[in-house]
Amino acid sequence: MRAQVSIEVALMTGIAILVMVSMVNLQFERFYSAREVGEAGEARMAGTLLASAINNVYASGAGFQVHLSEKQINFTRLGEAGRIYGLGVRLPIVIDNAERRIIIVKNLSKTGGGVWNVSIPIVPNNVVRLDPSGDYPEVTILNNGTNILIYADEAHIVTEG
Amino acid sequence: MSVMPPEVRGQISIEFLILIGAIMVMVVAVFPFILSTAELSKAHAAARDGATFAAGMRGLGYRGADVDPVPEGAIRVLRVDMVEAGNYNNLTWYRFDITAHAPEYISTNTSYTSSICGTIRTQVLRHVYYAFYGEWPSGSISRVNTARYSFTAGCRFE
């Protein structure tokens, strides 16, 4: 009679396994959803930071420059797809001069949302992208008196309009 | 320590057999009810997920390609009620009534609220569809039909 597993334990274990299996799908879906909304929020914060830097440089006049280091805007992290199944942000980030907006596009197809975008208004309409250099590392924003120059890789930021 | 004779060992008592039999009868009797309740619970949980996802994303300022822009703000889902709305093609029709809350500069503008409500309704039904069919529907949907139920969604701000 010793070392016997009772029939009740076997039944309960079976029922517990059934319940857990039925919940796994729902819980994973919630996890993905939370992950995607978190990434979307992170991307929006990066866009807001970029917009405020552009506006500050524009308002401060010729010669003023701001450098946003990788700690402030990390494009690798923003665009990384597959990070715990998130789809990341679709790079490059677009600065639309005609609309005076920064446009960030996020693919939410994994959580049923399709491709969504958020636009953050900026003041100047003369933002020009240039390749980063030793003197102006990515992302440096400079007011040269004529235009607002943004030194960033073409794969990370582009300007339109 | 008493030693049982060999013919008595390893026997299941008659009480236990009766108990198992009674449990099986009860489980079989309530099984259809359990299935239909589980289906409704699954749909309700998926609807809540869809509503909070839509509210969160629109609150951050995100929108689909052909959706009107709405200023960002804290959009919250207050309630997701499941209301029986009659029958639809021999299916029991349930409507998800979603009540949301937003700052006054959003909630007092009907074009903003209708845009957000459109997103919420769509995402609620898309999540319900995914819960039952395991894939996202292509395009926008206005109703999800399952084996027993038909689901639609309504939305309002308060």
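Reader: What makes β4(A) and strand β1 (residues 63-64) of chain B a pair?

Author: Two bridges join β4(A) to β1(B), and the strands run antiparallel. A pair needs at least two bridges, so this one qualifies. One facing couple is Asn117(A), opposite Arg63(B) in β1(B). Bear in mind that the model is predicted.

Reader: Which strands belong to the sheet that has β1(B) in it, and in what order?

Author: Five strands, in the order β8(A)-β2(A)-β3(A)-β4(A)-β1(B), make up an open sheet with mixed pairing. Within it, seven bridges join strand β3 (residues 101-107) of chain A to β4(A), running antiparallel. Asn117(A) turns up again here, as the bridge partner of Val105(A).

Reader: Why are β8(A) and β1(B) said to stand at the edges?

Author: β8 (157-160) of chain A and β1 of chain B each have a single partner strand, so one side of each has no neighbour in the sheet.

Reader: How many residues does each chain bring to the contact?

Author: Chain A brings 17 and chain B brings 16. On the chain A side, α1 (7-60) and β4 (115-121) are the elements that give two or more residues. α1(A) gives the most, with eight residues. By class, that side of chain A has six nonpolar, seven polar and four charged residues.

Reader: How do you know whether the faces of strand β6 (residues 140-143) of chain A are covered or open?

Author: Look at who sits on each side: Thr140(A) and Leu142(A) on one, Ile141(A) and Asn143(A) on the other. Buried here means 20 or more other C-beta atoms within 10 Å of a residue's own. All four residues are buried, and both faces are covered.

Reader: Which strands does β6(A) pair with?

Author: On one hand, strand β1 (residues 65-67) of chain A, through three antiparallel bridges, with Val66(A) opposite Ile141(A). On the other hand, strand β7 (residues 148-151) of chain A, through four bridges and again antiparallel; there Thr140(A) is partnered by Tyr151(A). The hairpin of β6(A) and β7(A) has four residues between the strands, and Gly145(A) takes a positive phi near 95° in this hairpin.

Reader: Why is β2(B) at an edge of its sheet?

Author: The open sheet of chain B has four strands, in the order β2-β3-β5-β4, with mixed pairing. β2 (76-88) and β4 (144-145) each have a single partner strand, so one side of each lacks a neighbour. Further in, nine bridges join strand β3 (residues 91-101) to strand β5 (residues 149-157) of chain B, and these run parallel. Thr92(B), for instance, has Tyr149(B) as its bridge partner in β5(B).

Definitions and conventions
Residues numbered from 1 in each chain as written. Chains lettered and ligands numbered in written order. Predicted model: local features only at pLDDT ≥ 70, side-chain atom pairs only at ≥ 80, totals over all residues. Contact = placed C-beta atoms within 7 Å. Nonpolar A, V, L, I, M, F, W, Y, C, P; charged D, E, K, R; others polar. Buried ≥ 20, exposed ≤ 12 C-beta atoms within 10 Å, placed from the backbone.
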